[in-house]
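Please find below my notes on the structure you sent.

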Amino acid sequence: MIYRALYDNLLVHTDPEEAHHGAVRAIAAAGAVEPSRRVLKATFGSGFGPATSPRLDGVFPRPVPGTLGLAAGMDKDAVAVLGFDALGFGFVEVGTVTALAQPGNEKPRLWRHTDVRAFRNRMGFNNLGAAAAGRRLAKLRSTAAGRAAFVGVNIGKSKVTELADAAGDYRASTHEVARWADYLTINVSSPNTPGLRDLQDVETLRPIVRVVREEAHAVAGREVPVIVKIAPDLSDAEIVEIAAMAGEERIAGLCATNTTIGHDLGPGGLSGAPLKDRARDVVGLVRSSLRDDQIVIGVGGIENAADARALLDAGADLVQSFTAFVYEGPGWPGAINRELTPR
Ligand SMILES: Cc1cc2nc3c(=O)[nH]c(=O)nc-3n(C[C@H](O)[C@H](O)[C@H](O)COP(=O)(O)O)c2cc1C
């Protein structure tokens, strides 16, 4: 309640990107030292159990600590995993990272649409590069708390890399981060890198999926679960085709969905409440098109436990959030995970 009042009256008047960086810095700082991390965890991030979908057991060698995780894009450079973990996210997807460090698109590139509880962004994968993320994750995994955190790494294509060379670019990122990842997400669905979403065409996507899987196995010395994240703006037929390819390639599953370009609010992809219905429909379609042993990570417009349950009921095994966390504040992820935990 306090955060909500603070957000609606004060934070809403700040520059959204500055506020974002400030928040991530604060969360990173709070997570970096044990005493404050312990207080955060006790205050916000405890009292819930692991995700319960039996399919997860076939994909991950250890339980996922909570059903709701942090969606990609918030902690692009993997600087605040322990902070987000302590706030009550069951897992943290860092990135998108790209093989080459890049500044992203020119500003402004992030807008609030508070009236519809949404964000619009055209960030363009601003990140310090996969090698830097790999170094941060190596450091994270050198501690007991860091090894306990459940971390996905989301990889995308560097802007300057030609689409024809995309597979090599994804391979280079995989090489840097796979060893430290509980799973990898191949992002071919951001609307903010020119041509990226063309990689969702199955015959373009298939070699990328193979290369990432192969490279991950080579560097990590184990099967690293690979997820493909798709856009909500694909046609149903295209989604079914991608799911069929995912089945043939026996990857771990799909993540649905990224932001949508189906709006008239300006440039960039829209997240949050307006995405809710389409995300649920895509999750349902993906579930019915995948093999039974493949998982679905549902993301898009979750604002409360009922929304999360709707995605789970549609067939998701795990869910993620970005926008509602910003609107609702630090107490929100733990509260949702507690509500999703069977009593
Ligand atoms: C500012 C911003 C940046 C994002 N960056 C990424 C990204 O780098 N990679 C990615 O896969 N998704 C990115 N997303 C999409 C989210 O991970 C998520 O799929 C989407 O926002 C829908 O979830 P939500 O409605 O809970 O926000 C971003 C979203 C926002 C709002």
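1. The ligand is surrounded by 22 residues. The closest are Ala72, Thr96, Gly272, Gly301 and Thr323. Please keep in mind that this is a predicted model, and that applies to every distance and area quoted below.

2. What is the make-up of the shell around the ligand in nonpolar, polar and charged residues? The shell divides into 14 polar residues, 6 nonpolar and 2 charged.

3. Polar pairs to ligand oxygen atoms can be listed individually. A polar backbone atom of Gly301 is 2.7 Å from an oxygen atom of the ligand. In the side chain of Asn154, an N or O atom is 3.0 Å from a ligand oxygen. For Asn187, a polar side-chain atom lies 3.1 Å from an oxygen atom of the ligand. The ligand taken alone exposes 600 Å², and 97% of that is buried by the protein.

4. Turning to the nonpolar cores, the largest has 82 residues. Which of its residues touch the most other members? They are Phe84 and Tyr170. The element that gives the most to this core is helix α9 (residues 202–220), which supplies 7 residues. As a general point, nonpolar side chains in soluble globular proteins tend to be buried together.

5. With its neighbours within four places in sequence left aside, Tyr170 is in contact with Ile155, Gly156, Lys157, Ile186, Asn187, Val188, Leu196, Leu199, Ile208 and Val212. One of these contacts, Asn187, is also the residue with a polar side-chain atom 3.1 Å from a ligand oxygen. Another core, of 16 residues, lies apart from the largest one; Ala71, Phe91, Ile295 and Val299 are among its members.

6. Ser53 sits in the loop between α3 (34–43) and α4 (55–59). Is Ser53 buried or exposed? Its relative accessibility is 14%, so Ser53 counts as buried; the cut-off for buried is under 20%. The side chain of Ser53 also makes a polar contact, at 2.7 Å, with the side chain of Asp317.

7. Pro61 is in the loop between α4 and β1 (68–70). Pro61 counts as exposed because its relative accessibility is 83%, and the cut-off for exposed is over 50%. From Pro61 to Glu238 the separation is 177 residues in sequence and 31 Å in space, C-alpha to C-alpha.

Definitions and conventions:
Residues are numbered from 1 along each chain as its sequence is written. This is a predicted model: local features need pLDDT of at least 70, side-chain atom pairs count only at pLDDT 80 or more; totals for chains, interfaces and linings use all residues. Side-chain values use heavy atoms; hydrogens and water are left out. A residue is near a molecule or strand if one of its heavy atoms lies within 4 Å of it. A polar contact is a pair of N or O atoms within 3.5 Å; within protein, one must be able to donate a hydrogen and the other to accept it, and residues adjacent in sequence count only if both atoms are side-chain atoms. Accessible areas come from the Shrake-Rupley method with a 1.4 Å probe; for residues, only the protein chains shown count as cover. Ala, Val, Leu, Ile, Met, Phe, Trp, Tyr, Cys and Pro count as nonpolar, Asp, Glu, Lys and Arg as charged, and the others, Gly among them, as polar. A nonpolar core is a set of buried Ala, Val, Leu, Ile, Met, Phe, Trp, Tyr and Cys residues joined through side-chain atoms within 4.5 Å. Buried means under 20% relative accessible area, exposed over 50%, partly exposed in between (1.4 Å probe, protein chains only). Helices (H or I, at least four residues) and strands (E, at least two) are DSSP runs, numbered from the N terminus. Contact means heavy atoms within 4.5 Å.
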